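Q: Please take a close look at a single part of this model. Describe how that part is built into its surroundings, and give the cut-offs behind each term.

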Amino acid sequence: MAKRYDYTGKDVQDVYDGPGGLLWEAVMGEQIHSGGPEATDRLAKALGLKPGMHVLDVCSALGAPARHIAQKYGVRVTGLDFTKTMLEKARERTKAAGLDHLITFVEGNALDMPFKKETFDVVWGQEAWCYVTDKDLLARECYRVLKPGGKIGFTDWVITGKVEDDLLAKLYESMAFPYMETFEGWQEVLRRAGFKVLDAQDQTDEFARCFDEYKVMVEEKLKPTILQNFGEELFQFAVNLVNMWRDAAHAHKVGRGFYIGQK
C-alpha cells in the first residue's frame, strides 16, 4: 500500500480557492492538466464519446474540458467539484460560452457522490484524482454511478519508477497530494472496484516534455506577471516546484498514467 501523507480535501480547497488555482491556470492553461485540449481529445476518442451521452467529470475544476467535449462531441456533462471558487468560475464561463444547456456543475465530494446508481454513460477525470485521499473508494463510487457497460476514462499523475522517500515527500508537499498511485497500482484499483481494464498507457515521456514547457513559462514568459501578481515567495515556490517535477519526470520516477476501463 502506498504511503499516505497528511493532506486532505481542505488543503486542496485552500490551494484552488487561493492564488494556487490562478497560478496553475496561468501556467497550464484553462484546462489545468498537461497536454491541454489535445490530451482531452485523445481521452474523448478513446472513450468513443457520441452526441447524447451523459458524462460525469469528477473534479471538474474550471470546467474547460467539460466545455470542450460538450461543444465538440455533443455530450451532456455533469461536473462534480468541491472547490467553491472553481465551481463559481466554471458556471460563469460555461454560461458565457452558451453551453449551460449541456453542462451542469454540482458541488460535492468524489468519495460520496450525490448521484443515484447507474446514472452516467461515462465517468471522466483528468489529472485531479491524485488529490483524492482514497482511490479505492473513488473507483467504487465511479463504478456505482456508471450504467452497466459504461466506461471510465482518466489520466492521473502517478509513480512510474523508484522514488526516494525524501523526494516523494517534497513532491507531495509541493502539490498537497495525500499520495499517488503507481502506474500499475491504478490498474489494480480499477479491477478491485469491478472494472475491466481496456487500456493503460504510461505517458511519462510526454508528461516530462510538458514540464519542459512549464519551466520556460515560469522562469521566462510569465516571470514578470507572477512576480507582479503573486510576489517573490510564490514565484520561487513555482520555480522550485516545476524544476523538481521536471527532473523527476525526466528520470522516469513520476509521470502520467492514461486509463480506460469498463463496467
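A: Two strands count as paired if DSSP finds at least two bridges between them; strands are DSSP runs of E of at least two residues and helices are runs of H or I of at least four, both numbered from the N terminus. The model is predicted, so local features need pLDDT of at least 70 and side-chain atom pairs count only at pLDDT 80 or more, while totals for chains, interfaces and linings use all residues. Residues are numbered from 1 along each chain as its sequence is written, and side-chain values use heavy atoms, with hydrogens and water left out.

On one side, β1 and β2 run parallel and are joined by 5 bridges. Valine 58 has leucine 80 of β2 as its bridge partner.

The chain passes from β2 through α5 to β3 in a right-handed β-α-β crossover (with the strands pointing away from the viewer, the path from the first strand over the helix to the second runs clockwise). A right-handed β-α-β unit is also made by β1, α4 and β2.

Because 5 of its 6 residues are buried, β2 is largely enclosed by the rest of the structure (buried is under 20% relative accessible area, exposed over 50%, partly exposed in between, with a 1.4 Å probe and protein chains only). Helix α4, residues 64-73, is mostly covered as well, with 8 of its 10 residues buried. Among them are Arg67, His68, Ile69 and Tyr73. The buried residues of α4 pack against β2, and also against α3 (36-47), β1 (54-58), α5 (84-96), β3 and β4 (120-126) (contact is heavy atoms within 4.5 Å). Just after α4, glycine 74 takes a positive phi of about 70°.
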